[in-house]
Amino acid sequence: MKLLENKVVIITGASRGIGKSIAEECVRHGAKVAFTYISSDEKARALELELSSSGGVAKGFKSDASKFDQAQELVDKVVEEFGTVDVLVNNAGITRDTLLMRMTEEQWDEVISTNLKSAFNLTKAVLRPMLKAKSGSIINMSSVVGERGNAGQANYAASKAGLIGFTKSVALELGSRNIRCNAIAPGFIETEMTEAIDPKAVEEWRSSIPMKRGGTPNDIAQATLFLACDMSTYITGQTLHVNGGMYM
Ligand code: NAP
């Protein structure tokens, strides 16, 4: 059964990692996918090719999610090409980890604008087509770190906690218009973002997780699919924890 037949889905930051897996899953379920990236031109072209050669409709856009004007331009182009926007996945994210004592203003600002302001930018931009369609699903990629905090990630944790507050507020404002907004809080998901972590620390992470493994990008893609499609039509304002039982 295809769960997103002919739905138009925008995913930010899908040239690799979790976003890429979400794009693959959405196309597999019949969606037309517009995805963004910031620097990985080759990976984006390769993904476009992969998705279209499986018979899907997918287009990559080089668009900086942290820039308000670029978000609006992106959504205008997507509406022109695909007619509307049914689902927005605010997935783009970066880390600039260091202890607060060493953290520069630039490291703080970069993370807050890429991870948090981006969700404001894109959500504002999709409001018009979603209000017109009287439906929509917005999914914000938070993190276990947004709930728990993490030493060395004050900027990242603040951005991910901010996304949860943003999600709840958007759900309250737009529920009456049949526009849902939920967050996903992944635990430890093995992607390029986590490749930078010391292998010993990775082993410790894995063994501390009740399910004894790191998550895969597809674990997050499945949760995203659920929140995007009509299987979750009465769910809004929630944070879905996808973490193998970490910190229960
Ligand atoms: P990743 O492998 O580092 O990929 C990040 C993606 O975001 C790339 O496609 C990158 O594009 C894109 N991107 C970065 N800055 C951007 C910007 N300003 N505008 C548009 N796109 C931008 O990350 P990931 O591990 O898949 O993580 C995806 C999301 O899940 C992030 O929000 C992350 O915080 C969250 N998350 C991850 C984990 C984990 O364990 N991996 C856990 C919890 C939450 P380029 O390739 O062009 O740079």
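The second largest pocket holds about 210 Å³ of space, where a pocket, on a 1 Å grid over the protein atoms alone, is an open set of points where a 1.4 Å probe fits, with protein on both sides within 12 Å along at least five of seven lines. This is a predicted model, in which local features need pLDDT of at least 70 and side-chain atom pairs count only at pLDDT 80 or more, while totals for chains, interfaces and linings use all residues. Residues are numbered from 1 along each chain as its sequence is written, and side-chain values use heavy atoms, with hydrogens and water left out.

**Second largest pocket**
- Its lining, meaning residues with an atom within 4 Å of a point, includes Q72, D76, K124 and R128.
- Helices α3 (68–82) and α4 each give two or more residues to this lining, and α4 gives the most, with six residues; helices here are DSSP runs (H or I) of at least four residues.

**Largest pocket**
- About 1200 Å³ of space lies in the largest pocket, and of the 48 residues that line it, G93, I94, T95, Y156 and M193 lie nearest its centre.
- Among the elements that give two or more residues to that lining are α4 (105–133) and α6 (154–174).

**Surface**
- F226, M231 and L240 together form a nonpolar surface patch with about 250 Å² of accessible area.
- F226 lies in helix α9 (residues 217–228) and counts as partly exposed because its relative accessibility is 30%, the class between buried (under 20%) and exposed (over 50%) with a 1.4 Å probe and protein chains only.

Terms used
Points joined across faces, edges and corners; volume = space filled by probe spheres on them. Patch = residues over 30% accessible without salt bridge, like charges linked within 9 Å, V, L, I, M, F, W, Y side chains within 5 Å. Areas by Shrake-Rupley, 256 points an atom, 1.4 Å probe, with all protein chains shown as cover. Salt bridge = Lys/Arg side-chain N within 4 Å of Asp/Glu carboxyl O.
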